[in-house]
Amino acid sequence: MVDSVLRVDGIQKSFGGLRAVNDVSFSASRGELLGLIGPNGAGKTTIFNMVSGIYRTDSGQIFFDGTDITNRHPTRIARWGIARTFQVPRTFNNMTLEENIRVALLQVNIVDAEATRQACAVLDEVGLYAKRHQNASELSGGERQLLQFVRAAVTRPRLMMLDEPFAGSSPGAIDCMVERTVALSRSGVTCLVISHDIVSLPRVCERVVVLLDGAVLTQGKLEDVREDPKVIEAYLGE
Amino acid sequence: MHFELLAHPAIVGQFIIDGLGRGVMYGLMGMGLALIFGIMGLINFAHGSFFMIATYIMYFVAVHLGVPFPIGIMFAALGLFLFGAAFERGLITPLRARLGRNWLVDGYVMTIGLQIVLENLALIVMGPREHGISRLIQGRMSVSGVILTNERILIFSVAIMVVATLAAFMRLTSLGRAIRATSEHPDAAMAMGIDVRRIYTITFALGSALIGGVGGLLLSTYPAFPTIGSDVLIKSFIVVIVGGLGNVWAAMIAGILLGLVESFAQGIASAGWQNSIIAAIVVMVLVFRPSGLFSKPISRP
Amino acid sequence: MLASRWKYAGFSLVLLFLAAVPAVANNNYLTAVFVSVLLFFILAALFDFMLGYLNIFNFGIGGFMALGAYTSALLAYHYGISPWFGLLAGGCATLLLGLFAGIITLRLRGIYVGLTTLFLAEFVLFALSNLREYTRGAAGLQVSSLPDLFGISFSRSNPLALYYVLFVICVVIYVTLHCVVNSRIGLVFKAIRDDQLGASVLGFNVVRYKLLNFTIASFFIGVVGAFYGNYIGILVPTPQEFGVARTTEILTIAYVGGRGTLWGSLLGAFALIGLQEVFSVVDQWRLVLYGAFLVFVLMVFPRGLAGGCKQLAAWITRQVQPRR
Amino acid sequence: MKMAQSCLVVEDLCAGYEQEVLVVDNVSLSVAKGSIVGLVGANGAGKSSLLKAVLGYLKPSSGTVTFQGKDITGHRPDLSCSLGIGYLMEGHSVFPSLTVEENLLLGMWPKRRQASVVKAALERAYTRAPLLMERRKSLAGLLSGGQQRILELERLYMAGPSLLLIDEPSLGLAPNLVQQTFDRIQEFSKEGIAVVLIDQNVRKVAEVADYVYVLQLGRIRKEGTGQLISMDIENIVKAFI
């Protein structure tokens, strides 16, 4: 608990009568790769939206590096060092790839020629260099996923939240994201990953939190969780 | 300011009657706009020009050809129905097909283009001359000092009829149900087997027919003139914004409210400032209650 | 690098053309045409600065202009303040209006912003026509012409001099806008335009950038409005001059030129105003042409003339490249 | 399975939101009259997209969809649906500000002109679900989630479809309602309606389905009769996690 970077403490969120997230608590330590899994409608994305300030939390608290960030504005939360991606990629579609990266680099005060240089370098690493002057709208869904991933990563976050980063991506793009996620964690960035990709997720996460109907069902090592009858039951239905 | 006028019941009664009379007209004007916005999300900037075309149709059919007024009004409505359908099918449908969910901004810019064309074509073809009639029907009556023209009674009854017919159409016919279903959940409407594109065309045509009929009906107050539409458009906007964008019934209530405000403001205060006050009210409604005075606030996730 | 060199060459060429032609021709009619080209160009560019770069639909740009024009004219009329200073004062007054409009429309989106600015502008126009004792309302307000400077007369009988005043204003505004949209701020503008939420989770304060854009644009609209008042000589608060009709003209030129490209507005202004002068025999057809052009562009050239030019340039490059 | 008996035949269907990544990748399946076919798989395996591609909400890039011997590949959804395919989309699809009765009547859209048929269908629905009769004048949006699901199922049945595509009917329902929903679906099939059923309740699907396809990353990875799948169910589900 001492070096937990993110601590979510009993958060709740309802939409109308539906309780989407019900008393969820978990924490992630520095450099940890934590997976969030669970059947459809379990509340995974809702938790992401609460942590990044897009949804208001009904009750409970969220701590980041010991600071209470519950219900702060998304802009503030981003400046604290929390970056995220979205299930449907939110790239800036009428801007070129290079501009997409450069705008993110502004957050860490990298501008002008240096920004162009770094943007080119980053795009080169993920194999998008050749398309750097194209608009993001011309990319495929998988490439856009990759773009928003690196766009989030260049802001040097301390917590990176990835929402279904592997869905709809080509094997090459997935490899690239897996490698870079692992590299990020080695450099001390905490990563939270929502994924259903049974092949890719184990390459990234050791520990997972399993959610069901808005509550934490269990958490632990991925292999153990997969053998847990409770979890299998959850996926089977009652 | 002449607040002392409010002490005379007959004068106040006259204010109310005048206000109701105007208000019903404004309500009628707004309904077509509200219908199209409510179902399609499109703001029709050519709404006023449609009104203008209708007044010309009415003038020619009723005055030049000597056809009875009710049939003239029907001609105006029918003409605008066809025009609206053609415009939607010819220009809006392709736009929607090309742009998908992002068609709306280009959609209303398209109606702006149409409005410019129509207004100026009318100026060229018809010239800057008013074509009007003095009265649809003659006669007036006086009830304890309050004067009431027969024409006003006629417009009032037509308004009630239009509201009732539209309500009945929307509630009781399968087409009306399909229109409402489409506005709520287009994908689910398709799963019912409803051709959503056709529903949009019909909706636009209906909204156009509505303003068309109203244009014919109001020819005596709003004579045919190329730029008569801009005033109608602004009045319709006010009514629709105050009532709540897309809420057809609330547009009528907002219209009456606007009519009463105008009537009292003109009677009591010096004329002129009422426009500024109304513009300010509209801005305040947009800022503080964007969903209008009579609708539930839009929830913002 | 080569591309940017071409851009500067093009820019200089256009500048030279705009500077030289009226002087060489020295023809009052041609000067008048160039004045309206520049006026509409810069207003459309300002409109596009808001719409094309930040998705702010300012449907009250005509009323904003009116405020600038009246501020400058009234200062001169009632207090004898020099119209030269009035240009700035008009800008400042409109800046305040823009700031106010920006603040009240912060929570609103899309068409609601458009309607709010529309009625705000209506309010300004109605107020101007109602304050009859002060603004002379529909009777029209006489605008004193710009006083002589460096021995040059800027009265309305010397349209060439006025043209150069406008020319300088346009260059200043255009260069400023160009610098802004190509700076870091412009980068953020575009990000917010494309995806507001995406920009805010990157840590950008969307509100602040929107206000910044709105105030910059409003200030310049006010300056242009003040100049316009000096140029036409008499101000009447009608819809044709400053209302919805004026706004739609500006919008048409911005759309025909191409959204999201400032220089496209110059193409749009030349195309539409040029067209209208060529067909001046049937002057009434002018606005019909505007509307038809707008519909045509929406259907066939969604990115406007500028987009068409870019496609043409790309095509030429493709044709040229293999031979190298 | 003989072709003549098949109500729906999907052959080599490919579809995707992007050109490069297919969410439905070369899927072939057939659904016999009166049978229930289950589709299971992890989130994002392409189950819902498959249904959307069959109906034309998502344009297929290749392959064919044949419904009752008629090629409907890439038809507009409303055309496919009016041929006798009922579609229950994921999430709630009632029209909230229309009344319960109006919702039911919209289910009869293709047959709206046959007044007597409409009346009979409405009566049949009310007999089957008295709750809807009771609340027929109230707005559908005011019903509870479970009641809305009942309304949706009855609405599907109104026009007498020969094929139903049902996507996640038990999502967000209380356990007793889940059972009721599955019972209703089985009744459909007993009446000779073919059903394609997606649900995350894998055990339930295997129980009611005659045949089950397991999808992963847009492809069919495994298929078999309901019993066969039931036996191997734990391993199949482990593969989702």
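## The model and its chains

This is a predicted model, where local features need pLDDT of at least 70 and side-chain atom pairs count only at pLDDT 80 or more, while totals for chains, interfaces and linings use all residues. Residues are numbered from 1 along each chain as its sequence is written, chains are lettered from A and ligands numbered from 1 in the order written, and side-chain values use heavy atoms, with hydrogens and water left out.

Chains C and D have no contact, with their closest C-alpha atoms 20 Å apart.

## Chain C against chain B

Here 36 residues of chain C meet 41 residues of chain B. Together the two chains bury about 3,500 Å², with 77% of that on carbon and sulfur atoms; buried area is the accessible area (1.4 Å probe) that two parts lose on being put together, summed over both. On the chain C side, the trio C:Tyr112, C:Phe119 and C:Met299 supplies 19% of the area buried against chain B, more than any other three residues.

There is one salt bridge between these chains (a side-chain nitrogen of Lys or Arg within 4 Å of a carboxyl oxygen of Asp or Glu). C:Arg259 and B:Asp106 form a salt bridge, with 3.2 Å between the closest N and O atoms. Helices H5 (111–130), H12 (244–257) and H14 (285–300) of chain C each give two or more residues to the side that touches chain B, and H5(C) gives the most, with 12. By class, that side has 27 nonpolar, six polar and three charged residues.

## Chain D against chain B

This contact takes 23 residues from chain D and 19 from chain B. The buried area is about 1,900 Å², 62% of it on carbon and sulfur atoms. D:Asp78, D:Phe95 and D:Trp109 lose the most area in chain D to chain B, together 32% of what that side buries.

Two salt bridges are counted between chains D and B. In one salt bridge, D:Arg76 meets B:Asp195 at 2.9 Å, N to O. Helices H2 (77–82) and H3 (100–106) of chain D each give two or more residues to the side facing chain B, with the largest share, four residues, coming from H2(D).

Definitions and conventions
Contact = heavy atoms within 4.5 Å. Nonpolar A, V, L, I, M, F, W, Y, C, P; charged D, E, K, R; others polar.
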